[in-house]
Protein chains: 2
Amino acid sequence: MEKFIRFTKTVQSLSPDAEKALLGICSRRTYIKNTVVQPIGHTCKTIYFVNKGALRIYYFKKDVEITESFEFENSIVARAESLFTGMPSRKAIQALEDSELIAIDATRLVMLYDEYHEIERLFRKMVEETYVKTVRRIESLQFFSPEERYHNLEKFQPDLLQRVPLKYIASYLGITTVSLSRIRSRK
Amino acid sequence: MEKFIRFTKTVQSLSPDAEKALLGICSRRTYIKNTVVQPIGHTCKTIYFVNKGALRIYYFKKDVEITESFEFENSIVARAESLFTGMPSRKAIQALEDSELIAIDATRLVMLYDEYHEIERLFRKMVEETYVKTVRRIESLQFFSPEERYHNLEKFQPDLLQRVPLKYIASYLGITTVSLSRIRSRK
DNA sequence: TGCATTAATTAACATTTGTTAAGTTTTCAA
DNA sequence: TTGAAAACTTAACAAATGTTAATTAATGCA
């Protein structure tokens, strides 16, 4: 849990009481490689913090599997479209490596918001940060060509290329595996 | 202001005191068509509510102008990457029609968060809603072809096609105006 | 270790988009 | 009202991606 608490402190400091209350709704979970952490069709009621390992969020459209995002150590992961709307999620979360997660009970978290203003503030700030990342992702998809997007990955997230199968990276970039292979072979 | 207050009530109800405090940091502004509401290079310190009219957020990459988003009546608009990070924005906001906006002073808003928990909650929820929209936008850019994206616009936001010049729609869809013309002529 | 399965690459062709340039239509201000 | 500027369309060709299928490489389990 210490890693998670250290992470929260970089966003918003909490009083000892609030910290204790937050830890009270967290539990440590481990998943072995390729396990589904949260399946498609269930309403998202959990926010995860990645202590160790790697996750991806994916979904299907017309039988084609799409990887929406990857998350590694020291990240917060949730399926926002379900968590914030209460609708069942069309997306799943999968462990790409043996992973250790902190599961935060979102239902009890929202109740804590009433009691601890600072906990609501913490999560407000975390959503803001995640939102900024998402806007950057749109810029990338909207402006860069598939080839440029791949080279940006190489440049800014080289570790991702080492840790994740190319078939997932292809759909993350919005292209086919064949096209990704071609891009990679073009030097 | 009534329209704005009505909008906030659909997200989070406020006590009369909080409502008054919020209105105290809001001002009504009008912009004529094609005016720049916020220029590139300035740090975003204002959140807008669109009372009437239409806005777009745009930026330049390698001399090419990209439209990132459109917003119409009853929407909240801000340049998140600047507002939430304190960095100067590479993006501008422009009025696409004669518009009437409510400008919310973000600096004073954050101060109000300390005093009125419910105001922080209101804006937390609004950011969450905006975030969900942004995730849906990624799905669209990542999965659909330019042609499919255009037809989705036709289907789900037909008004947008009526109100916005095609050159802006093209870059919003991530394609050239030439390509958009071709798509439109293919039936 | 060895074999079956999955992942990744390569090839060939169809389709789409990008690019440049020309032509047409629309808009807006003098 | 008219003419210049901007917006939009069309055309022709280049470049990139999609699709299908075959081949090679890597992985993982018995």
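Reply: Happy to. This is a predicted model, so read everything below as computed from it. The largest nonpolar core has 78 residues, and those with the most contacts inside it are A:Y48, A:F49 and A:A78 along with B:Y48, B:F49 and B:A78.

Start with A:Y48. If you set aside its neighbours within four places in sequence, A:Y48 is in contact with A:V77, A:A78, A:L101, A:I102 and A:A103. A:A78, one of these partners, is itself on the list of residues with the most contacts inside the core.

Now switch to chain B and look at strand β3 (residues 46–52). Five of the seven residues of β3(B) are buried, so the strand is largely enclosed by the rest of the structure. For that count, a residue is buried if 20 or more other C-beta atoms lie within 10 Å of its own. What does β3(B) pair with over six bridges? That would be strand β8 (residues 99–105) of chain B, in the antiparallel sense. β3(B) is also joined to strand β6 (residues 76–77) of chain B by two bridges, and these two run antiparallel as well.

B:N74 is found in the loop between β5 (64–71) and β6 of chain B. B:N74 has a positive phi of about 65° although it is not a glycine. B:N74 is partly exposed, with 14 other C-beta atoms within 10 Å.

Strand β4 (residues 55–61) of chain B pairs with β5(B) in the antiparallel sense, over seven bridges. The two form a hairpin with two residues between them, and B:K62 in the turn has a positive phi of about 50°. β4(B) is also joined by five bridges to strand β7 (residues 91–95) of chain B, again running antiparallel.

Stepping back to chain A as a whole, it has nine helices and eight strands. Its C-alpha atoms fill a box of roughly 55 × 30 × 30 Å along the principal axes. With 187 residues, a compact globule would have a radius of gyration near 16 Å, and chain A has 18 Å, which agrees. Of the 187 residues of chain A, 32% count as buried. Among contacts in chain A with a separation of 6 or more, 73% are between residues 24 or more positions apart. Chain A has a positive phi to look at too: A:N34, at about 70°, is not a glycine. A:N34 is found in the loop between β1 (26–31) and β2 (36–38) of chain A. A:N34 is exposed, with 10 other C-beta atoms within 10 Å.

Next, the two chains together. The contact takes 25 residues from chain B and 23 residues from chain A. On the chain B side, the elements giving two or more residues are α3 (80–83) and α5 (117–143). α5(B) supplies the largest share, 18 residues. By class, that side of chain B has ten nonpolar, six polar and nine charged residues.

Of the 19 residues around DNA strand C, A:K167, A:S181, A:S185, B:P146 and B:S179 come nearest. The elements giving two or more residues to this surface are α8 (166–173) and α9 (177–185) of chain A together with α6 (146–156) and α9 (177–185) of chain B. α9(A) gives the most, with seven residues. The surface divides into eight nonpolar, six polar and five charged residues.

Around DNA strand D there are 18 residues, of which A:P146, A:S179, B:K167, B:S181 and B:S185 come nearest. Two or more residues each come from α6 (146–156) and α9 of chain A and from α8 (166–173) and α9 of chain B. α9(B) gives the largest share here, six residues. By class, the surface near DNA strand D has seven nonpolar, six polar and five charged residues.

Methods:
Residues numbered from 1 in each chain as written. Chains lettered and ligands numbered in written order. Predicted model: local features only at pLDDT ≥ 70, side-chain atom pairs only at ≥ 80, totals over all residues. Near = placed C-beta within 6 Å. Helix = DSSP H or I, 4+ residues; strand = E, 2+ residues; numbered from the N terminus. Nonpolar A, V, L, I, M, F, W, Y, C, P; charged D, E, K, R; others polar. Buried ≥ 20, exposed ≤ 12 C-beta atoms within 10 Å, placed from the backbone. Pairing = 2+ DSSP bridges. Core = buried A, V, L, I, M, F, W, Y, C linked by C-beta atoms within 7 Å. Contact = placed C-beta atoms within 7 Å. Rg over C-alpha atoms; globule rule 2.2 N^0.38 Å.
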